[in-house]
Amino acid sequence: MNRRQLLSVVTTAPLVTAWAFRTPVALAQSVNTSDILNDPEAPTFGNPKGDVTIVAFLDYNCPFCKKAAPDLDRIVKEDGKVRLVYKDWPILSEASLYGAQLALAAKYQGKYHSVHHALMAIPGRKIPKEQMLAAVKESGVDFNRLQADMQQQDAAIMGLIRRNSAQADAIGLRGTPSYLIGPFRTSTLDYSGFKEALVEARRRQALSKR
Amino acid sequence: MRLTYRRRRVITMASVGKNLALWLFLSFLAGLSASGGEAQTLRSWDDVFQLRAERTAAESIAVTLSITPGNYIYRDRLTFRHEGRDLSVEKPAGEEKDDPNFGRVDIYRNSLSLELPDIAAKGSLEVAYQGCSERGICYPPVRQRIDLVSMNISDVPKDVAETPKETQINAEANLFSSTFEPGSGADSQLLSGGAMMTIVSFLGFGLLLAFTPCIFPMIPIVSGMLAGAGSALSARRGFALTLAYVLAMASAYGVAGLIAGWTGYNLQFALQSPLALGAAAVVLVLLALSMFGFYQLSLPVGLSARLAGNLQNAGSIPRAAALGFGSALIVGPCVTPPLAAAMLYALQTGDAIRSSAALFALGCGMGAPLLLVGALGPRILPRSGPWLEAAKQIFGVGFLAIAVILIARLLPDRFVLALWGVFILGAGVFVGAFDKLASASSWEARLSKAAGLIVSLYGAILIVGAAAGSTDPFQPLAALASRPSEIGSPHDNMRVTRAAELDKAVAASVAAGRPVVVHFTADWCTICKANEAAMSDSALQRKLATASLIVADLTNYNADARLLMSRFAIAGPPTLFVVDAKGVEVKGTRLIGAFTAETLADRLSLAGL
């Protein structure tokens with residue numbers, strides 16, 4: 001083995017090792033609109049036959065998500081023709097992930113919405129796990145069942161969170177909150193902002209159908 | 001996904017070197033067409049926050065974090081880890097932000113500098129931070145590692161506990177790609193945030209275009225106009241004239257944008273038709289003749305006086321404006337991409353006024369450097385004397401060259417080479433190739449004759465090369481020297497000129513289960529020629545060999561061609577996209593305007609090629 005060969009072995013060996021031991025990467029999948037809008041496991045509210053879907057990518061430690069949450073509720077309720085899909089996308093802190101797990105576990109007893117609102121109602125941005133847990137306990141959820149579901153359904157819950165994250169990454173969302181409203185993406189909006197976005201989304205949809 | 005994102009950016013960086021301005025402009029266009037004209041405003045955090053580190057002494061380093069305006073970092077979310085332990089760092093007091101919604105927080109804006117003592121030059125230092133945008137979005141925490149030996153900064157891979165495992169997922173490229181900003185909707189004013197952004201971007205890209213060859217033909221016209229305005233031209237007057245020229249040019253674009261927005265008809269296209277190009281070339285030749293002082297001898301007084309008047313008496317502002325308006329539409333060979341962009345924009349928004357404003361801004365940007373020529377040119381040019389005559393002749397030659405460029409788009413390459421040969425030979429004669437020298441001749445005359453002879457010789461070689469079948473001006477005699485080589489593409493392209501033919505060709509390929517690369521092109525489209533050269537890249541040819549290549553030829557711009565364009569809603573040549581084996585255009589593969597082999601390879605890979 002001459003010096004050049006030795007050199008190339010020395011330099012490539014770590015690369016090869018790194019390649020061999022890297023985390024297995026899923027084969028390239030494709031994400032399409034339907035995957036994002038119609039994930040069967042994602043909590044869905046509003047009018048199931050609505051003409052516009054709002055997809056909300058949220059984090060329970062995201063102050064802007066909390067600020068916009070009441071407005072989002074209000075527009076969905078008042079408009080009456082909006083379908084709302086929640087995508088728990090815990091990116092800001094470890095407690096965020098915990099919050100998402102709690103809320104998604106509550107889904108199995110039909111209480112996602114109340115847990116979601118309990119968590120979104122805690123003001124601030126650095127809410128620790130304990131405070132989240134306390135709020136969830138007071139939200140009127142069957143807590144024993146919640147704990148059981150959290151354990152038993154862990155694979156499904158984490159699977160959903162990973163799917164949400166992959167979808168957010170795939171469409172290049174930058175942070176929370178991110179809302180997909182019809183053909184648009186947007187971040188924090190107030191009530192009139194949501195209203196305007198819905199008008200514009202409907203106009204675009206009408207244009208593209210023509 | 002962020003990793004894939006990066007990689008793509010790295011690939012495109014390679015092409016940046018070739019033509020930065022054009023690349024920027026085209027990537028802007030791509031963004032524009034993908035986003036339906038809405039400005040992409042929220043940016044990824046790696047554009048928002050920038051970490052730098054340098055060693056200030058043997059045992060201490062300085063860390064600087066730059067924060068783009070409109071964003072901030074939470075003071076308490078800025079942490080340092082050194083050798084596996086959290087490092088307690090004296091952080092400067094932040095700005096107190098009192099938000100009624102979520103209380104008081106300490107934040108940093110703009111930039112933050114920290115001096116960290118007792119950091120030896122071994123191992124690494126991890127910096128973590130998290131922040132938000134004032135616009136109401138919080139970015140995921142950023143973790144970066146500073147190598148304390150090399151001071152290189154790298155990203156720390158995402159923590160599995162914090163964020164779900166990364167999967168490589170490709171989305172349809174256009175998925176939810178339009179951003180919605182409140183106030184940019186249908187009812188909003190022209191100068192709302194979104195529109196303002198668009199106009200500013202177009203202005204900026206106009207400026208970039210000004211540094212590409214697009215603008216070159218305009219400089220001799222402006223200089224010619226100023227030279228023609230006479231010797232007593234003040235800088236202010238020159239500026240005013242040029243301003244009129246530039247504004248008129250920008251208006252021409254604005255009008256084109258307006259018409260495009262209203263009618264969906266590509267005006268530039270009409271002006272690039274053989275008839276318009278031919279007419280423009282004739283006008284330029286006449287202008288050149290007037291520069292040489294020929295027109296009094298050969299042309300009817302009325303017509304020639306009017307034509308020459310544009311240049312000779314260009315002292316009048318309306319005339320400068322007329323010249324600007326006319327030259328904008330005819331001269332710029334690079335105008336198809338911006339117009340295609342405006343078309344897409346207008347079609348997407350249905351907003352003729354906004355696309356018109358955007359194109360006006362583009363024209364202003366393109367013309368801005370001309371203003372310098374206008375203001376400074378007259379000072380640089382001599383006040384009077386024979387030099388001015390010489391300058392006029394040079395401009396005349398420039399006009400002729402532009403005329404040749406315009407005509408070249410109508411002719412086969414070989415004739416173009418011959419045409420250049422004739423032009424260059426003529427220029428050589430003018431320089432003095434065949435002037436008689438006497439023993440008493442000055443050195444200037446001798447130098448001039450030598451230059452003229454060399455130029456003439458080159459012109460003659462071009463003509464000979466054209467006769468031998470060459471097309472390359474830099475190797476005009478290659479055809480004589482070598483045997484016929486592999487001229488033309490290795491696989492047979494289908495060439496279609498009608499929508500029905502295109503459908504048939506696509507259907508045939510779909511039936512064979514092959515994806516189709518559809519390339520809209522035209523003989524008079526110079527960018528298309530450059531694109532074809534890029535496509536001859538051997539790696540690319542291997543990729544393309546797995547698909548059928550259909551060339552949709554728009555050389556004859558007639559009703560058939562318009563129908564052909566409407567078949568896939570294209571705005572003009574060059575446009576290229578991939579149709580998958582099901583007969584559907586693969587989203588994100590559409591390329592409008594000039595491309596490099598790398599960008600094309602990138603788009604093809606989107607379609608799995």
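What percentage of the contacts in chain A between residues at least 6 apart in sequence join residues at least 24 apart? The share is 78%, where contact means heavy atoms within 4.5 Å.

This is a predicted model, in which local features need pLDDT of at least 70 and side-chain atom pairs count only at pLDDT 80 or more, while totals for chains, interfaces and linings use all residues. Residues are numbered from 1 along each chain as its sequence is written, chains are lettered from A and ligands numbered from 1 in the order in which they are written, and side-chain values use heavy atoms, without hydrogens and water.

**Figure 1. Overview of chain A.** Chain A contains nine helices and six strands; helices (H or I, at least four residues) and strands (E, at least two) are DSSP runs, numbered from the N terminus. Of the 210 residues in chain A, 52% are buried. Buried denotes under 20% relative accessible area, exposed over 50%, and partly exposed the range in between (1.4 Å probe, protein chains only).

**Figure 2. The aromatic pair of F57(A) and W89(A).** Over all chains, the structure holds 10 aromatic pairs. Rings of Phe, Tyr and Trp (its six-membered ring) pair if their centres lie within 6.5 Å; planes under 30 degrees apart count as stacked, over 60 as edge-to-face and the rest as tilted. F57(A) and W89(A) pair edge-to-face, at 5.9 Å centre to centre and with 80° between the planes. Because F57(A) belongs to strand β3 (residues 52–58) and W89(A) to the loop between β4 (82–88) and α4 (94–106) of chain A, the pair ties together parts that are 32 residues apart in sequence. Both F57(A) and W89(A) are buried.

**Figure 3. The aromatic pair of F49(B) and Y139(B).** These rings, F49(B) and Y139(B), are edge-to-face, with 5.6 Å centre to centre and 90° between the planes. F49(B) lies in strand β1 (residues 49–57) of chain B and Y139(B) in the loop between β11 (137–138) and β12 (142–147), so that distant parts of the chain, 90 residues apart, are linked. F49(B) is buried at a relative accessible area of 3%, and Y139(B) is buried at 1%.

**Figure 4. Further aromatic rings of chain A.** One aromatic cluster is formed by F45(A), Y86(A) and Y112(A). The charged end of K107(A) sits over the ring of Y108(A), 5.1 Å from its centre. K129(A) lies over the face of Y98(A), 5.7 Å from the ring centre. A charge sits over a ring if NZ of Lys or CZ of Arg is within 6 Å of the ring centre and within 35 degrees of the ring normal.

**Figure 5. Packing of helices α3 and α5 in chain A.** Helix α3 (residues 63–79) and helix α5 (residues 112–120) of chain A pack at about 135°, their axes 9 Å apart. Axes are lines fitted to C-alpha atoms, for helices over the stretch in contact, and angles run from 0 to 180 degrees between N-to-C directions. α3(A) and α5(A) are therefore oblique to each other; angles under 35 degrees count as roughly parallel, over 145 as roughly antiparallel, 65 to 115 as roughly perpendicular and the rest as oblique. C65(A), K66(A), A69(A) and D73(A) of α3(A) meet H113(A), H117(A), L119(A) and M120(A) of α5(A).

**Figure 6. Surroundings of D149(A).** D149(A) is placed in helix α7 (residues 143–152) of chain A and is buried at 6% relative accessibility. Beyond its neighbours within four places in sequence, D149(A) is in contact with A105(A), Y108(A), Q109(A), D154(A) and I157(A).
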